[in-house]
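Here are some notes to read alongside the structure.

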Amino acid sequence: MSVIEVENLVKRYKRAKQPAVKSIGFEVQEGEFFAFLGPNGAGKTTTISILTTTLAKTAGAVRIAGFDVDTQHHQVRDHIGIIFQRPNLDRTLTAEENIRIHACLYGMYVYRPAFKMMPASYRERVERLAGIVGVTDALFTRVSQLSGGMQRKFEVIRSLTHTPHVLFLDEPTQGLDAVARHDLWDYLNQIRREWGTTVFLTTHYIDEAEGADTVCLIDRGEIALCCPPEEMKRRLGAATLEDAYVDYLRHAADAAVPSLVSPAGSSRRKSTPAGASALSAEPEGDRRFGS
Amino acid sequence: MTTPAATRTVGAEGQGGGDWRATRRLPRAAREANAALAVAARDVTSTLKNPGSMITALLMPVLIMGMIGGTLMQNMADGLGFDFGEFMLVGMVVNMLFMMTTMGMISLVDDSDDNYSAELLVAPVSRYAIVVGKILGSSFLALVSCGGVLAVGAVMGTTLALWQLLALLALAPLMCLSGGALAMIVMGVIKNNKTANVAVMLITMPQMFLAGVIIPISQSSGLLGALSRAMPMTYCVDLGRAVIYAGRPDYDAVVMFNPAVNLVGVAALTAVCLVVGTWLYARSEKHR
């Protein structure tokens, strides 16, 4: 089942001469890890903003979990979780207070002014999520006193509190050091394995997309390539996805690279709900991101 | 295109126990009220952790009431036909409720700067729940500043009876809602913190004089008279005084309008500002 459906999506900002997104289309299957790559200004954040209902589109159709982003935005918001490009925890509150407010905004619990006053299921949920990523000790620390990596981990916890169908990650590891990136991806992969959450990723770290089921490359507002990473590497004769990505962008202007977009302009490849079988076969100690 | 997915309910949940990953949600109306409460609680928690804002809220009445009001009281209060100190005290309580809530709404622009507004705007709740929650949160600091007004009044030898205080507190939600709704007209279109601060000062300071908070305006005419009647705070202040002075011989010297007129005036202006302001806010965030 397609959980994200995009058809002929167009976005032209006010007073802009050219559309930022030019009639793009793709589909993402339930449980899929979908990487949406492209250079700065390609239209990644514009697309993700429209998909997450924070930006109005100019034309086209977008459905998330079967709900239209324009007419059923409440239902869409119910089914998604987002890690924004810019960190956005309230720095004056503790990490737990941020999570508590999020849970109440999503209607999961009636707000109460202290963690101890919240229902046992909430406390268990928060402690369990914090335990998975190893930040239990920092739950009650003011966010302004946490490192960037810790803040990112709490943003992930917050975004998963309401068990979203689809998790949008807009450059989630931007500004993090290598260790924090590894830790964050370990956690995200664990969540994917356990929950079967669909992940929609934009990133400038191409190695993070190596383990994706589908890689979609957007360039100047248009979908340039959309296929599994192995196919992209094979078609472009590159050893790594990063090599393929760089090669494509360098030669895009020459129009020498064959299009890998399917006739419908969509990624329609089916994947297992959580990609569980592939993940379980992964060798231990493999430190690839997004695997 | 596929059919909508059902809301995923992993297991039983509720207010105690059950599957820790469960996703059962509150009914829609309860969710909206709960979201407004959570937004308000966030602002209250932030305020409590920021002693500077509390101190400012307490000092504001010292400047406005103690210095401006005190000077007027010493030099111009004779022959008015009513107790100027009490007149000013009631006006200042309403003014602080209105003005501090209006100023507190600047935090919406701060949220936009800090990108926290994105967290609020992707939540599956109406924009009204967010705005009303913000107004409720801002009204906390307004109530703190009312404590400052009462303290300054006591120093100046003017106090309110308990029933008068309770009556004003009963009206406080309407006053705060009115001030917050007016602020939304500005916050709906301004995205810059400095501009928002200036704009809020421009809409609150003139009202303090035009609405008769400290200086009586019953004789205002012409442009000033028209402006005073266009200000939401005029009706808030007059309604507050109508309740406090009800049945007293100096009622007619202090109160300008029938309380019903005040109530309708406040409710109508608040409703218009709230609807238009929220629409502007939601639109400016999404339609770029």
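1. Start with helix α10 of chain B. In this predicted model, 12 of the 13 residues of α10(B) are buried, so the helix is largely enclosed by the rest of the structure. The buried ones are B:P232, B:M233, B:T234, B:Y235, B:C236, B:V237, B:D238, B:L239, B:G240, B:R241, B:A242 and B:I244.

2. What do the buried residues of α10(B) pack against? Their partners are helices of chain B: α3 (84-104), α7 (162-187), α8 (193-210), α9 (222-230), α11 (251-254) and α12 (259-286).

3. A quick check on the length of α10(B), which runs over residues 232-244. At 1.5 Å a residue, its 13 residues should span 18 Å, and the end C-alpha atoms are 19 Å apart, so the two values agree.

4. Now look at where the chains meet: 45 residues of chain A are in contact with 42 residues of chain B. On the chain A side, β1 (2-11), α2 (73-78), α3 (95-105) and α4 (120-133) each supply at least two residues. The largest share, 5 residues, comes from α4(A). By class, that side of chain A has 19 nonpolar, 15 polar and 11 charged residues.

5. Within chain A, the domain assignment gives domain 1 (1-79 + 179-291) and domain 2 (90-163). How many residues of domain 1 are in contact with domain 2 in chain A? There are 7, and they meet 7 residues of domain 2. The domain 1 side of that contact has 5 nonpolar, 1 polar and 1 charged residues.

How values were computed. Residues are numbered from 1 along each chain as its sequence is written. Chains are lettered from A and ligands numbered from 1 in the order in which they are written. This is a predicted model: local features need pLDDT of at least 70, side-chain atom pairs count only at pLDDT 80 or more; totals for chains, interfaces and linings use all residues. Domain bounds come from an automatic or database domain assignment. Two residues are in contact if their C-beta atoms, placed from the backbone, lie within 7 Å. Ala, Val, Leu, Ile, Met, Phe, Trp, Tyr, Cys and Pro count as nonpolar, Asp, Glu, Lys and Arg as charged, and the others, Gly among them, as polar. Helices (H or I, at least four residues) and strands (E, at least two) are DSSP runs, numbered from the N terminus. The expected span of a helix is 1.5 Å times one less than its number of residues. A residue is buried if 20 or more other C-beta atoms lie within 10 Å of its own, exposed if 12 or fewer, and partly exposed in between; C-beta atoms are placed from the backbone.
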